[in-house]
Amino acid sequence: MKPPPPLPAIPSASVPLNPAQARRLHLAAQGLLRPPARRARPADVVAAIERMRLLQIDSIHVVARSPYLVLHSRLGDYDSSWLDRALAQGRIAECWAHEACFVPAADLPLHRAWRERGAHWAHRHAERMHRDHRAQMDDLLERIRTSGPVRAADFPRADRGASGWWEWKPEKRWLEAWFALGELMVPRRERFQRVYDLAERVLAGLDPRFVPSELDKEGLRRRFVLDSVRALGITQARWIADYYRLKPAVGEAELAPLVATGELLVVPVRGWDRPGYVHREHAPLLAMAQSGRLRATYTTVLSPFDPLVWDRARAQAMFDFEYAIECYTPAHRRRYGYFVLPLLSRGSLVGRLDAKAHRDEGVFEVKALFLEPGQAIAPRLVADLAEAIARAASWHGTPTVHLERTEPAALARALRSHWKVSGASR
């Protein structure tokens, strides 16, 4: 058997990174450092999920639904049906991870083994649901066993007009509980609605073929810790647990054996009160960051549920960006808007966008655009933001950009001037 190629030489862990270099390493690992080098292909959807390790699912679609928008931020103009196709082909799967997520099919054995240990809040909630509604849930599972896949929409509800996940009809709650417990899986979606089928039937169609994990709880946790560090590029110990919702929190003592074996590298970052950790596979990127050879050249619109910003403490420390998802905040208490999209530009989070896609009219409405305090309105930033917003609008099928206001106000004039030349605004 041919021996595996040697791992790259480890760069000097004693060479500190400055904050900008640490951000670039973080962005490089997440696929957000530079613009896409070529037009996207269907396989790139799966590759992007493999790089991030997971893709959070959320159904809000003021603009695109979050998983599609996260992929657009990394792939550029792509066909959103590729994500649905990857699920139907068994190359990715749905499970509870950070939250409800798409994960690579190759990782599903790890998640199912972790579920069996009741490690996520969704699993514990589903167990309570089954205890309280055992007869009805068992009947529902038997129906699927004998009659085939179902959607929640296949069950009528008495209280028509109710909406929101907290108003789910009983069958939807039971389907979700069986999904969390692992008895049901999602072989495909129809108009983003889950189709539920027996896990044994879905597992048979995965690519690669499903083989149960033999790792014990300690081995699974170690794998999730390593995958989190690899996905993040560089991270402090206290940010690791959030990626897969691990409990208890990950501390430096837990990471010490991984450092001793060389699987993790310890790297000081100027201004951090704790060491940074880098996965051994990112040693080449680390060396490039230390020598100043990682350049951030990309500007794009992010989803509120992008891995880059979903941990508020990490976003604050890495980017000095204070961010909250305000769709769950009462309207009178919102500072920026219902579904505000962070703006990434050349290695920094420079602002946020309150937008709505009016698909029937072909209009991408920018209700407000807020630059971060102290962010200068430089010509390059204006051009980068204008082009990134126009690209997002075009991909949404809403090529006409309608800008209402900006903070500072002078930015609106500069953006409209740029779009006037390109014909993107009105």
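Two strands count as paired if DSSP finds at least two bridges between them. On that criterion, strand β4 (residues 150–151) and β6 pair in the antiparallel sense over two bridges. The model is a predicted one, in which local features need pLDDT of at least 70, side-chain atom pairs count only at pLDDT 80 or more, and totals for chains, interfaces and linings use all residues. Residues are numbered from 1 along each chain as its sequence is written, and side-chain values use heavy atoms, with hydrogens and water left out.

**Strands around β6**
- Strands (E, at least two residues) and helices (H or I, at least four) are DSSP runs, numbered from the N terminus.
- Strand β6 (residues 193–198) is largely enclosed by the rest of the structure, because five of its six residues are buried (under 20% relative accessible area, 1.4 Å probe, protein chains only; exposed is over 50%, and partly exposed lies in between).
- In β6, Tyr196 stands opposite Val150, and Arg194 stands opposite Arg189.
- Strand β5 (residues 184–190) runs antiparallel to β6, with five bridges joining them.
- The hairpin of β5 and β6 has two residues between the strands, and Arg191 in the turn has a positive phi of about 50°.

**Helix α2**
- In helix α2 (residues 42–52), the buried residues are Asp44, Val45, Val46, Ala48, Ile49 and Met52.
- Arg53 follows α2 and has a positive phi, near 80°.

**Helix α6**
- Arg131 belongs to helix α6 and counts as exposed, because its relative accessibility is 51%.
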